[in-house]
Amino acid sequence: MSGHFLRHTTYITIQVIILAFGYGFLGAVLYHRYLYPSDRVIDLWEQHLKVVTFVASLIATALAVSTATLFAISIKEALRHRMSNPISLVLLSAGVALSKGSYMLSRRHWKLTTLTLFVYGVLRLLTAGWTNILTPDYLQMPIPMRGYELDITGTAFSTMLLNEYKNQGYANIRDDAFEVLDIGGMLSGISAAGQTYGLPGIFNFNGAKYNVSTQGIVPAIEEYSGSDAVPGSNGTRLGFSGGNVTVNTTPIPGKRTILPLPSGILRSHSMLQQGLTANVNCRPIYSNDTQYAWNTSNSEVVYANAAAPNTSLAGLRLWNIVGNCSTNTSMMQEYVTMVDAFGNASSSSGFLPSVVCPGPVNMSQTSTNLSQTHTSFTIISQGFNKYSFLNASVCEVTPLLTTVRANYSNDLISSEVLSSIPFRSENVQLLSFIAGVVKFQSISSQGLMSSTIGDTLYSIYSSTTTTTIGDNLGNQKQVYEELEDYWRGVVEFSATYLRSGFMAVGSFTDNNIPVELQSQVNGTLQIWIIGWTSQSTTYLLAIIPGTIITILTFACGLYSILQNGGYSTTFDASNTLHLIMAFVAGGLTLEDFGEDGIIANEGVNVKLEENGVDHRAKKFVKVD
């Protein structure tokens with residue numbers, strides 16, 4: 001193999017390898033859609049992003065300089081062979097400009113001007129192109145998620161819930177579960193009530209953190225599922241008092257994704273899930289509202305001790321509160337409050353009784369018998385003493401089955417309702433459970449001297465207005481809005497509690513929810529990484545300069561190989577001294593620098609001749 005052939009194939013091969021590296025890199029990005037290093041490297045890059053950018057720029061500059069240098073070599077080699085044949089001085093000038101990475105400007109020779117300017121511009125874009133390709137960027141990588149959770153909306157769950165009722169009933173729900181229902185429902189209500197008026201509300205349940213309220217969902221993402229504790233044998237379903245809730249959602253990598261999913265700089269999930277909320281409408285009971293019978297006058301002192309010290313219990317009053325919620329069926333609820341020995345309540349005490357009707361239904365009844373009560377229930381309440389700001393009021397509660405978009409980010413779950421439908425006849429058992437939780441909350445919130453509900457309404461009002469709550473008796477809009485949000489929060493929590501209990505570890509065999517009880521969960525995992533993506537439209541543009549220069553290098557090299565003129569490499573057309581020496585040696589006589597002279601000189605054809613065995617003597621000679 002001759003040195004002539006080897007020399008040309010060497011710079012062509014190196015140029016092609018550089019371009020192949022670029023296309024190979026972009027091919028890998030296109031194949032994987034997202035290309036990224038390991039988590040450890042991503043963390044390191046994030047901490048030293050300026051250094052990473054600097055190193056990428058250095059590599060890009062080295063590749064650009066190498067590409068431009070190889071192109072200059074190919075131009076010089078091609079020009080040397082071209083000068084063995086007659087060539088005009090203006091064409092020689094253009095070739096010299098290209099070999100030096102420059103351009104020529106001539107209005108008379110606009111084609112050569114355009115060519116040299118084009119090549120000059122492409123060479124200048126090499127560094128920018130390689131920098132764009134090699135510099136990693138912050139990316140948001142979406143990964144589809146799919147799975148399932150418990151479906152509480154259908155007949156299958158209603159039947160299972162009815163069987164649970166029959167097995168233990170409300171009165172037999174275990175003490176720990178009652179405590180969870182009490183505290184959880186209260187905190188959820190408080191969080192929801194305060195949010196409307198700008199108070200921060202983060203509700204924690206079972207180790208999971210919800211923004212304001214649960215919206216009736218359970219966590220569908222393992223990292224947000226909360227407690228890892230395994231519930232006891234009696235700690236699932238209606239006996240749930242906390243513990244690990246199974247998560248059945250997994251990411252779905254693309255077909256070509258062979259790289260392990262990174263932890264990333266940050267992760268967030270957006271999931272479509274089944275939720276539950278309620279429309280709650282609270283208002284005063286007016287004198288013409290004859291359908292709502294409300295009797296709070298039936299009470300008696302059941303304990304009195306006039307000799308009791310001031311710090312001791314002096315008396316107790318038993319209240320029999322009766323309400324009729326337009327169903328022609330009276331509902332009664334008993335309360336006990338603290339009074340003095342004469343039966344009088346302290347001015348600092350508060351009493352806020354409530355009656356929920358129709359209340360939890362008789363579980364021995366069939367859904368057909370309950371067809372009139374499967375969509376809503378009613379709460380009648382009134383405040384006394386320090387809660388007298390709440391007149392006799394009625395709250396219509398209409399639970400809704402919802403589809404929500406749950407966002408999991410920064411250890412917090414936030415939900416947005418996308419659609420909702422009212423309860424149907426198959427949801428009667430679910431309605432009964434929710435009404436039971438509300439009733440339990442209305443009873444347990446009232447202590448001997450105060451009510452959690454009343455204190456919540458009072459505190460939120462006082463912290464968000466400049467007037468005292470007593471001044472608002474003529475316009476209770478804010479109080480009723482707070483009460484509506486409170487009960488809505490309790491309703492949403494009841495659904496989350498129910499789902500958690502039935503999805504707790506141990507609730508089903510092998511923790512697999514039966515198909516007939518599954519509700520599909522879909523969404524997207526967003527991972528913030530540092531890397532490259534095929535979605536960048538600039539990559540194709542960035543590789544074009546290198547492609548053009550490589551094609552030109554290959555063309556020049558192929559021309560040189562085919563010419564095979566045997567000229568030595570001691571003459572460099574880009575070297576001004578070499579050109580002067582060759583012109584002087586040839587004794588060329590040219591016109592002056594007048595316009596006519598320059599035009600005449602541009603058209604002069606010359607040829608490079610070599611004399612002597614060692615090719616030391618070189619000269620340009622005129623060719624007619």
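**Loops, helix packing and salt bridges in a predicted model**

Q215 is placed in the loop between β5 and β6, where helices (H or I, at least four residues) and strands (E, at least two) are DSSP runs numbered from the N terminus. The structure is a predicted model, in which local features need pLDDT of at least 70 and side-chain atom pairs count only at pLDDT 80 or more, while totals for chains, interfaces and linings use all residues. Residues are numbered from 1 along each chain as its sequence is written, and side-chain values use heavy atoms, with hydrogens and water left out.

The phi angle of Q215 is near 55°, a positive value in a residue other than glycine. Most residues other than glycine have a negative phi. At a relative accessibility of 13%, Q215 counts as buried; the term buried stands for under 20% relative accessible area, exposed for over 50%, and partly exposed for what lies in between, with a 1.4 Å probe and protein chains only. V212 is also found in the loop between β5 and β6, and its phi, near 75°, is likewise positive in a residue other than glycine. V212 counts as buried, with a relative accessibility of 12%.

N206 lies in the loop between β4 (202-205) and β5, and with 16% relative accessibility N206 counts as buried. When residues up to four places away in sequence are not counted, N206 touches S225, G226, S227, F240, G242, G243 and V245, contact meaning heavy atoms within 4.5 Å.

For the chain as a whole, there are 13 helices and 20 strands. Of the 624 residues of the chain, 48% count as buried. Among contacts between residues at least 6 apart in sequence, 75% join residues at least 24 apart.

Two helix pairs that involve α10 are described next. The axes of helix α9 (residues 452-464) and helix α10 (residues 477-503) come within 10 Å and cross at roughly 130°; axes are lines fitted to C-alpha atoms, for helices over the stretch in contact, and angles run from 0 to 180 degrees between N-to-C directions. The helices α9 and α10 are therefore oblique to each other, given that angles under 35 degrees count as roughly parallel, over 145 as roughly antiparallel, 65 to 115 as roughly perpendicular and the rest as oblique. Their crossing is right-handed, a term used if the near helix is turned clockwise from the far one by less than a right angle, whereas anticlockwise is left-handed. On the α9 side, T452, I453, T456, L457, I460, Y461 and T464 meet Q478, V479, E482, L483, Y486 and W487 of α10. By class, this contact of α9 with α10 has eight nonpolar, four polar and one charged residues, where Ala, Val, Leu, Ile, Met, Phe, Trp, Tyr, Cys and Pro count as nonpolar, Asp, Glu, Lys and Arg as charged, and the others, Gly among them, as polar.

Helix α8 (residues 428-444) packs against α10 at an angle of about 125°, with the axes 9 Å apart, and that makes α8 oblique to α10. The crossing in which α8 passes α10 is right-handed. The contact is made by L430, F433, I434, V437, V438, Q441 and S442 of α8, together with Y486, W487, V490, V491, S494, Y497 and L498 of α10. The residues of this contact of α8 with α10 divide into 11 nonpolar, three polar and no charged.

The structure holds 10 salt bridges, a salt bridge being a side-chain nitrogen of Lys or Arg within 4 Å of a carboxyl oxygen of Asp or Glu. Within α10, D485 forms a salt bridge with R488, the closest N and O atoms being 3.3 Å apart, and the two residues are three residues apart, about one turn of the helix. R488 also forms a salt bridge with E492, with the closest N and O atoms 3.3 Å apart; R488 and E492 are four residues apart in α10 and so are separated by about one helical turn. The relative accessible area of D485 is 11%, and D485 is buried, while R488 counts as buried at 16% relative accessibility and E492 is buried at 0%.

A further salt bridge joins E223 and R267, whose closest N and O atoms are 4.0 Å apart. This pair links distant parts of the chain, with E223 in the loop between β5 (208-211) and β6 (249-251) and R267 in strand β7 (residues 266-284), 44 residues apart. E223 is exposed, with a relative accessible area of 51%, whereas R267 is partly exposed at 25%. Finally, R7, E77 and R80 are linked in a network of salt bridges.
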